[in-house]
Amino acid sequence: MTENGAALALDGVSHSYGGGAPALDAVSLVVPRGRFVAVMGRSGSGKSTLLRCAAGLERPTAGTVRIGGTDLATLKSAGLTRLRRDRVGFVFQSLNLVSALNVRENVTLPLLLAGAREGRELDGRALAGLAAVGLADRAEDVPENLSGGQRQRVAIARALVNEPEVVFADEPTAALDPVTAAGVLALLRRAVDERGRTVVLVTHDPVAAAWTDEAVFLESGRMVGRLDRPDEAGVRAALGASAGQHLAVAR
């Protein structure tokens, strides 16, 4: 798969901490626009390091990362900050909602940081985003008054409000019950299918991976295979195989 038209492209990306064994070892991955991709592997396989490098949160030791054609290595610290603010969305297990702000204000925060002015238009965008996740009626509540699943839906609305090129989701359903987790994954699926967003989901959960278009598998920092149109059984089998040998590309 070529990089032309890709939302995200990693080429030979490696990353080491403190001179030890590489957490990532020459990983290459191309994610086209409008694609939902799961990055999977056991604890310590390098999947969270891949996300941090891909999102510009850490600079790789070697290789290149491009978001929408922009080589992140060409950006200084301020440029990386602007790129993450304007062109990337984040959904994390820890949520990072601001408790002092209400739900609407949490959703508008990325827009304000990008220089938007407070007002009716900004509030309208936030309410539209909250309506898309079924929470328009909770706009004036504070996060502490919401359930875990509702808070995660606010985080998704916030991640999508600036229409990012790529949304990175790091174990967003790990602390949720199966029914609530399915609702969150359905929202991410809709963001891809209905809004053309690109989502990269880091997860250990085969059920979560079954919502995606493609699962890629890491072992000891290396990409060992991928599975198109994954289902739960196929992902479980691939995860078991990845512990002992490289996987063939499955289509």
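This text walks through the fold of one protein chain, from its overall form to single residues.

The structure is a predicted model, so local features need pLDDT of at least 70 and side-chain atom pairs count only at pLDDT 80 or more, while totals for chains, interfaces and linings use all residues. Residues are numbered from 1 along each chain as its sequence is written, and side-chain values use heavy atoms, with hydrogens and water left out.

Start with the whole chain. It holds eight helices and ten strands. Both come from DSSP runs, numbered from the N terminus: helices are H or I runs of at least four residues, and strands are E runs of at least two. The C-alpha atoms fill a box of roughly 55 × 40 × 35 Å along the principal axes. For 251 residues, a compact globule would have a radius of gyration near 18 Å, and the chain agrees because its value is 18 Å. That radius is taken over C-alpha atoms, and the globule rule is 2.2 Å times the number of residues to the power 0.38.

Next, look at the inside. Of the 251 residues, 48% count as buried. Buried means under 20% relative accessible area, exposed means over 50%, and partly exposed lies in between, using a 1.4 Å probe and protein chains only. Take the contacts between residues at least 6 apart in sequence: 65% of them join residues at least 24 apart. A contact means heavy atoms within 4.5 Å.

Now turn to the helices. Helix H3 covers residues 103-113, and helix H4 covers residues 120-132. They pack at an angle of about 120 degrees, with their axes 9 Å apart. That makes H3 oblique to H4. Angles under 35 degrees count as roughly parallel, over 145 as roughly antiparallel, 65 to 115 as roughly perpendicular, and the rest as oblique. The axes are lines fitted to C-alpha atoms, for helices over the stretch in contact, and angles run from 0 to 180 degrees between N-to-C directions.

H3 passes H4 in a right-handed crossing. A crossing is right-handed if the near helix is turned clockwise from the far one by less than a right angle, and left-handed if anticlockwise. Which residues of H3 and H4 meet? On the H3 side they are Val 103, Arg 104, Val 107, Thr 108, Leu 111 and Leu 112. On the H4 side they are Leu 122, Asp 123, Arg 125, Ala 126 and Leu 130. By class, this contact of H3 with H4 has seven nonpolar, one polar and three charged residues. Here Ala, Val, Leu, Ile, Met, Phe, Trp, Tyr, Cys and Pro count as nonpolar, Asp, Glu, Lys and Arg as charged, and the others, Gly among them, as polar.

H3 also packs against helix H5, residues 148-160. Their axes come within 7 Å and cross at roughly 30 degrees. H3 and H5 are therefore roughly parallel to each other. Val 103, Asn 106, Val 107 and Pro 110 of H3 make the contact with Val 154, Ala 157 and Arg 158 of H5. These residues divide into five nonpolar, one polar and one charged.

H5 in turn meets helix H6, residues 178-195. The axes come within 9 Å and cross at roughly 20 degrees. So H5 and H6 are roughly parallel to each other. Their crossing is right-handed. The H5 residues in contact include Ile 156 and Leu 160, and those of H6 include Val 184 and Leu 187.

Strands come next. Val 167 sits in strand E7, residues 166-170. Is Val 167 buried or exposed? Val 167 is buried, because its relative accessible area is 1%. Leaving aside neighbours within four places in sequence, its contacts include Gly 89, Leu 160 and Val 199. Thr 64 lies in strand E4, residues 62-67. With the neighbours within four places in sequence again left aside, Thr 64 touches Ala 9, Leu 10, Asp 11, Val 13 and Asp 71.

Finish with two loop residues. Most residues other than glycine have a negative phi. Glu 163, in the loop between H5 and E7, has a positive phi near 50 degrees. Glu 163 counts as exposed because its relative accessibility is 52%. Arg 229 lies in the loop between strand E10 (222-228) and helix H8 (232-242). Its phi is also positive, near 45 degrees. Arg 229 counts as exposed, at 65% relative accessibility.
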